[in-house]
Amino acid sequence: MKFFVDTADTDAIAALNDLGMVDGVTTNPSLIMKSGRDIKDVTKQICDMVAGPVSAETVARDADGMIAEGRVLAQIAGNIAIKVPLTWAGLKACKVLSGEGRMVNVTLCFSASQALLAAKAGATYISPFIGRLDDVNLDGMELIEDIRTIYDNYDFTTEILAASIRSVNHMKQAALIGADVATAPPHVIRSMADHVLTDRGLDAFLKDWETTGQTIL
Ligand code: E4P
């Protein structure tokens, strides 16, 4: 499973990138707002840091606006994936932009039927939002499973990009189901290394080591 980082915080991306944990980056208008930076400047900086796809989202509601914005965003760098919402206008924009050979990430997906439409419109990525479904007592993981089944049934090449991930368990479940990609905030990816028994075991080993009076260097 590829790891995308869901942030426009360049320091956080750099820290994970140094460890080889970043296969791509996703942003959205809220994350750009949070960064406090100009969308083109921050997106360019991210594209220069990361070799993989960097999703930048359009903000128009109509297809022509999305197409025009998508073409502008694509000029930022060769690794831009244009993000459009899962509306009829977004699907139309997806069809046009993917037909031009551009990567398109169809976002705000909350049902398997929507995901089927995105694949037929030529999406490079479909982004089902797990956490936001869980927030309203629906099952985000069931959606990932359903999309996996549908895409495999018909050999769609659209990649499932599990999004709105809130926990380490979400990452594990997405990997078990076979999501192609998971995008998560930096703190979730860092937390994947944590285990209380690792900490406890290390403390015990180092306490015993101290009593030997030895050094390695
Ligand atoms: C995906 O591309 C979105 O940017 C993101 O995963 C949304 O996550 P949220 O529901 O935590 O805002």
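Student: What should I know before looking?

Tutor: Residues are numbered from 1 along each chain as its sequence is written, and side-chain values use heavy atoms, with hydrogens and water left out. Since you're looking at a predicted model, local features need pLDDT of at least 70, side-chain atom pairs count only at pLDDT 80 or more, and totals for chains, interfaces and linings use all residues.

Student: Which residues are around the ligand?

Tutor: Being near takes a heavy atom within 4 Å of the molecule. By class, the shell has 2 nonpolar, 3 polar and 4 charged residues. Here they are: Asp6, Thr26, Asn28, Lys83, Phe129, Arg132, Ala163, Ser164 and Arg166.

Student: How far is a ligand oxygen atom from an N or O atom in the side chain of serine 164?

Tutor: A polar contact is a pair of N or O atoms within 3.5 Å. For aspartate 6, an N or O atom of the side chain is 2.8 Å from a ligand oxygen, and for arginine 132 the distance is 2.7 Å. For the side chain of serine 164, it's 2.7 Å.

Student: What share of the ligand's accessible area does the protein cover?

Tutor: Accessible areas come from the Shrake-Rupley method with a 1.4 Å probe. On its own the ligand has 340 Å² of accessible area, and the protein's cover comes to 86%.

Student: Why is the pair of tyrosine 151 and phenylalanine 156 called edge-to-face?

Tutor: Rings of Phe, Tyr and Trp (its six-membered ring) pair if their centres lie within 6.5 Å; planes under 30 degrees apart are stacked, over 60 edge-to-face, and the rest tilted. The count comes to 4 aromatic pairs by this rule. The centres of tyrosine 151 and phenylalanine 156 are 5.7 Å apart, and the pair is edge-to-face because the planes are at 65°.

Student: Is tyrosine 154 buried or exposed?

Tutor: Buried means under 20% relative accessible area, exposed over 50%, and partly exposed in between (1.4 Å probe, protein chains only). Tyrosine 151 is buried at 0%, while phenylalanine 156 is partly exposed at 23%. Tyrosine 154 has 58% relative accessibility, so this residue counts as exposed.

Key:
Polar contact = N/O pair within 3.5 Å; in protein donor to acceptor, adjacent residues only side chain to side chain. Nonpolar A, V, L, I, M, F, W, Y, C, P; charged D, E, K, R; others polar.
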